[in-house]
Structures are given as C-alpha cells and as structure tokens.
Amino acid sequence: MKMITTILLLAVGSVIMAAPSPDQCPRIFADAGVTDGFAPLVAHAIHSIALEDIRYYFKSDATEDNGIPTVNMDLSTAERVLPNAPLAGYDEDFSTIGMKSFDLVMRNMNRTNWGSRNDNILVRITHVLHMAELWDKISASYKSIARLLDPKSDVCACATDIENNDVLNYVHYLAFKIRYPGITSGNATYTQRYIEALSANGGRSKRGLDDPIDYDYDFCWDGTTDYEKKEYNFRSLDFDLSDLELLKIVSEELVDGDDGKAAVQLDSDVHWDWWRNMVKRIAMGDAAYYDIAIFMFCMLN
C-alpha cells in the first residue's frame with residue numbers, strides 16, 4: 001500500500017496537456033511503477049470478465065459502453081473479441097457472485113462452443129472461481145488507486161490506448177488460443193485441421209480437434225509466471241481479418257510451444273492436486289494487481 005501511494009503521488013502530478021504519444025508511454029509507465037508485463041497481464045485478467053463482474057468488483061455504475069474488450073464467449077461466431085464487456089445474464093435470484101458464476105457455467109455446460117473448447121465441467125467451474133479470486137485481489141488495489149490517480153493523467157492516457165499498448169492485441173491472441181487450442185504450438189497439423197474445419201463450415205468456428213483437452217490456465221505463459229518476458233511482434237497481424245484468413249499467420253508468428261493441453265485431465269482427486277498447484281502457481285502478485293487495477297480504473301473513469 002505504501003509503495004502504491006508513493007508511486008501514484010509522483011504520477012498523479014503528470015496530467016496531460018496533450019495526449020502522450022505511444023513512444024512516450026513506456027517512460028510514463030515506468031515512472032508510475034507499471035511493469036513491462038502490463039499488456040499480457042491485463043489481457044489475462046479481462047479476457048472473460050462480464051459487466052456484472054465489473055460492477056461487483058470495480059465500479060457499481062459501470063455501463064454497457066465500458067470499453068473493456070473481452071473474448072467472445074460464443075466461440076462459433078465471427079466476432080472473436082467484443083469491444084465492451086457484456087452482460088452475462090447472471091441469475092439475480094442468487095445472492096452471491098460465486099453462485100451466480102457457477103449457475104452460468106452449469107446453464108451452458110452442454111454447449112461445446114461456449115467459453116472454452118473440449119473442457120470438462122470441473123475445468124470450467126475452476127476457471128470461473130480462479131478468475132473471481134483474481135478480480136477480488138485486483139479490486140483491493142483498485143480502491144487504493146481510485147483515491148490517488150487522476151483519470152486525466154498521462155498514466156491513464158497510456159493505459160486506455162489499447163490500440164497501441166498491445167492490450168487489444170493480447171486479447172485477440174488469447175481468443176485464438178481459446179478458439180483453436182494448440183494453434184500457437186508450432187504443430188502445422190493442428191493448423192491444417194482447423195483451416196479445413198473452418199473452410200468446410202463457411203468460415204464459422206467449429207471444433208477441429210475432438211479429443212478432450214482440459215486447457216490449463218497458464219496457457220498463455222508457457223507454463224511460467226514470468227509475464228514480462230512474453231513479447232510478440234503483433235505488427236504483422238491485422239486482427240480485423242477473419243479467423244480463416246489469420247489462422248496460418250497466427251500459427252507462424254505467435255509460436256510459443258503451447259499444445260493446448262493440460263498435463264492431466266481434471267477427473268480425480270489425485271489430478272486435482274496438479275490443478276490446485278497450477279492455479280496457485282499462476283497467482284500474479286501485487287505488482288500485477290497494481291497494473292491491472294490501473295487499467296480498470298482508467299478505462300472505467
């Protein structure tokens with residue numbers, strides 16, 4: 001808390017007279033204590049967030065025009081990333097956010113093109129609870145930042161420039177990995193099967209690999225938590241193109257060795273031990289919660 005206060009008291013004095021250029025933002029971020037892993041950290045935190053979650057953890061009066069990009073939970077549609085976190089349709093008869101999230105997963109448990117591919121129901125439930133724990137930790141930093149940071153500051157100008165700070169690119173990157181498990185593995189067989197499946201289905205996303213995979217949650221970090229070392233050159237990618245047009249390029253330009261499968265399926269108490277340790281291992285830490293909280297505050301205020 002003391003570190004956050006000191007850094008932001010320095011940063012808050014930097015209020016924009018003119019919007020900083022993208023080239024100035026690395027220095028502005030560094031001065032404010034934002035890490036080099038800002039974009040991938042933020043993308044992981046927001047990829048599945050719903051408007052109800054934003055209102056519960058961050059800002060109670062957030063609107064549908066919130067500017068938080070998320071991966072489209074409907075994996076069969078052409079629109080892979082939504083420009084605003086949508087209303088998920090939580091059952092408000094339930095009083096706790098945990099029960100609301102659980103109910104949403106259970107209501108969609110038989111939809112193979114919803115949320116993730118080929119995961120069993122335990123993996124889907126574990127995922128929503130993992131994300132809820134993450135948002136809860138970020139919300140504590142958010143409350144501190146909200147008291148100190150000016151939404152008109154240079155820091156916020158840089159944080160909200162998602163077209164240039166790579167946040168939007170990383171959300172698209174995660175969308176491809178979720179829609180097409182193994183697409184960034186470097187295995188051309190995966191790529192070809194997905195292209196054939198899309199071509200046969202008129203360009204609409206469908207399952208190209210039928211084996212149950214139980215994707216784990218460090219899928220975007222090569223099994224490590226060193227987020228700051230994950231750097232990709234997105235400049236050769238135009239994410240406005242369709243999945244079919246981009247699959248081959250993504251499979252070649254964003255190779256990270258991720259074959260889209262967890263080491264074990266979540267189907268027993270013995271295997272849960274592996275999953276429990278994995279979820280603990282990818283806990284981001286205070287520096288990451290700070291980065292993400294800055295993004296959420298700047299986008300929502």
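Predicted model: local features only at pLDDT ≥ 70, side-chain atom pairs only at ≥ 80, totals over all residues.
The structure contains 2 disulfides. A disulfide is a covalent bond between the sulfur atoms of two cysteines. One of the pairs is C25 and C158, with an S to S distance of 2.1 Å. The torsion about this S-S bond is about -85 degrees, so the link of C25 and C158 is left-handed. Because C25 belongs to helix α2 (residues 25–31) and C158 to helix α7 (residues 154–159), the bond ties together parts that are 133 residues apart in sequence. Both C25 and C158 are buried.

A disulfide also joins C156 to C298, where the S to S distance is 2.0 Å. The link of C156 and C298 is left-handed, with -70 degrees about the S-S bond. It connects distant parts of the chain, as C156 is in helix α7 and C298 is in helix α12, 142 residues apart. C156 and C298 are both buried. Counting bonded cysteines along the chain, the disulfides follow the pattern 1-3, 2-4.

Helix α12 (residues 286–300) also packs with helix α3 (residues 38–46), at an angle of about 75 degrees and with the axes 9 Å apart. At this angle, α3 is roughly perpendicular to α12. Helix α3 contributes F38, L41, V42, A45 and I46 to the contact, and α12 contributes A288, D291, I292, F295 and M296. Of these residues, 9 are nonpolar, none is polar and 1 is charged.

I46 of α3 is also among the residues in contact with T70, when neighbours within four places in sequence are left aside. Others include H47, I49, R80, V81 and V171. T70 lies in strand β1 (residues 70–71). Its relative accessibility is 1%, so T70 counts as buried.

Terms used: Residues numbered from 1 in each chain as written. Heavy atoms only, no water. Axes fitted to C-alpha atoms, helices over the stretch in contact; angles between N-to-C directions. Helix = DSSP H or I, 4+ residues; strand = E, 2+ residues; numbered from the N terminus. Parallel < 35°, antiparallel > 145°, perpendicular 65-115°, else oblique. Contact = heavy atoms within 4.5 Å. Nonpolar A, V, L, I, M, F, W, Y, C, P; charged D, E, K, R; others polar. Buried < 20%, exposed > 50% of the residue type's maximum accessible area, 1.4 Å probe, protein only. Disulfide = S-S within 2.5 Å.
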